[in-house]
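This report concerns how the chains of one model are arranged and how they meet. Please examine the sequence and the structure shown here before reading on.

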Number of protein chains: 2
Amino acid sequence: MSEKAGKYRDIAPGLSNRLFFRLYQCANMLHKTGTRALDAHRITTQQWAVLGALTRPPFANGVAVGDLAAFLLVSRQNLTGVLTRLEAMDYIERTVDAKDNRSRLIRITAKGRDLWDEDMRPVISDYYDAALRGFSTEDRIHMTHYLDKMLRNFKDLDPETCSEKKAVE
Amino acid sequence: MSEKAGKYRDIAPGLSNRLFFRLYQCANMLHKTGTRALDAHRITTQQWAVLGALTRPPFANGVAVGDLAAFLLVSRQNLTGVLTRLEAMDYIERTVDAKDNRSRLIRITAKGRDLWDEDMRPVISDYYDAALRGFSTEDRIHMTHYLDKMLRNFKDLDPETCSEKKAVE
DNA sequence: ACAATAATGTCAATATATTGACATGAAATA
DNA sequence: TATTTCATGTCAATATATTGACATTATTGT
């Protein structure tokens, strides 16, 4: 046993395992409780993520499917279905990019914007309060830093995402 | 503007939003990179979670589907499909509980145990190292505490999980 | 004992999520 | 210019994940 491995040699494996199991459980609960919180409006956490992204100023004039996928860290193919459902509900619209006939520009509609501002935002605000009960502002900053750090590692681990790391924040 | 709301009134909403968006992205990447890491063995993160649970000493003699679901924080119905696939690969077995004919005891098989020990464990160990690169032992402890804390909030938010919080760790 | 109640696992329907395949269109190269 | 290459979005197949419904079996109350 080297001195370097030393001190935490037996604790470390169980610790990493526990951390990742908690992350796995939190991921399950995020989708379960998040979707349930917005159930009255028939919105899932993925639709929530898409609509939230589309309300961002940089995406105000529409965003390509590929860019949206890179931003949310999901596959293009996955978004097709989510966008189809959101379009059927008139919350988003697809228009052909004038500068590239292959590209479809995804944009939130007035109805979607209204849903977000009037219905979703208050629910989400309450949801954050409940899920972060007991977290001080500094706790939230630290936790966010840890997630940022882990996310960079995940991106390095992913051949696709890694290369275009700089492209979309 | 009350004094209590005060200091962080404008920072807080964006901060919580960022935290949860990072959690959402990490969840996506966890499943993407995790499943890819074990792709050579045709194992997904969910199957990983199930096999990992079944190797725990408390579950050595088998565990009911409902208890396993409560442990992983997924629905019973969801596990049915995962267990069916794992059973088809001979990594787990279902036996009728002698003490309750409704209950099926889920247990890992010798083949499953071998897969876990010989094939999965080393891959998972490397995966943890890569995903936690730059995390000191103390970082890991803090991050785990934050996830634990958030998980308790999620459970309070969930009517089902909340009641049986004490039942399964 | 027996009827009402509740627990247990599964099936069905819907919504993610992944990879692989592909038609279309743009870019690069010869 | 013509051909090869690459980018873009979508379809198909598979694996999660949810809720609702249900048959089977325990448990409870009378």
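The model is a predicted one.

## Extent of the interface

In the interface, 58 residues of chain A are in contact with 58 residues of chain B. Because 100% of the interface residues of chain A are also interface residues in chain B, the copies meet through the same surface.

The area buried between chain A and chain B amounts to about 6400 Å². Carbon and sulfur atoms give 69% of this area.

## Polar contacts and contributing elements

Six salt bridges are counted between chain A and chain B. In one salt bridge, the side chain of B:Arg22 meets that of A:Asp148 at 2.5 Å, N to O. The count of residue pairs in polar contact between chain A and chain B, both at pLDDT 80 or more, is 22.

On the side of chain A that touches chain B, two or more residues come from each of α1 (11-37), α3 (65-72), α5 (110-131), α6 (137-157) and α7 (159-163) of chain A. The element that gives the most to this side is α1(A), with 20 residues. By class, the side of chain A that touches chain B holds 31 nonpolar, 13 polar and 14 charged residues.

Key
Residues numbered from 1 in each chain as written. Chains lettered and ligands numbered in written order. Predicted model: local features only at pLDDT ≥ 70, side-chain atom pairs only at ≥ 80, totals over all residues. Heavy atoms only, no water. Contact = heavy atoms within 4.5 Å. Buried area = accessible area lost by both parts, 1.4 Å probe. Salt bridge = Lys/Arg side-chain N within 4 Å of Asp/Glu carboxyl O. Polar contact = N/O pair within 3.5 Å; in protein donor to acceptor, adjacent residues only side chain to side chain. Helix = DSSP H or I, 4+ residues; strand = E, 2+ residues; numbered from the N terminus. Nonpolar A, V, L, I, M, F, W, Y, C, P; charged D, E, K, R; others polar.
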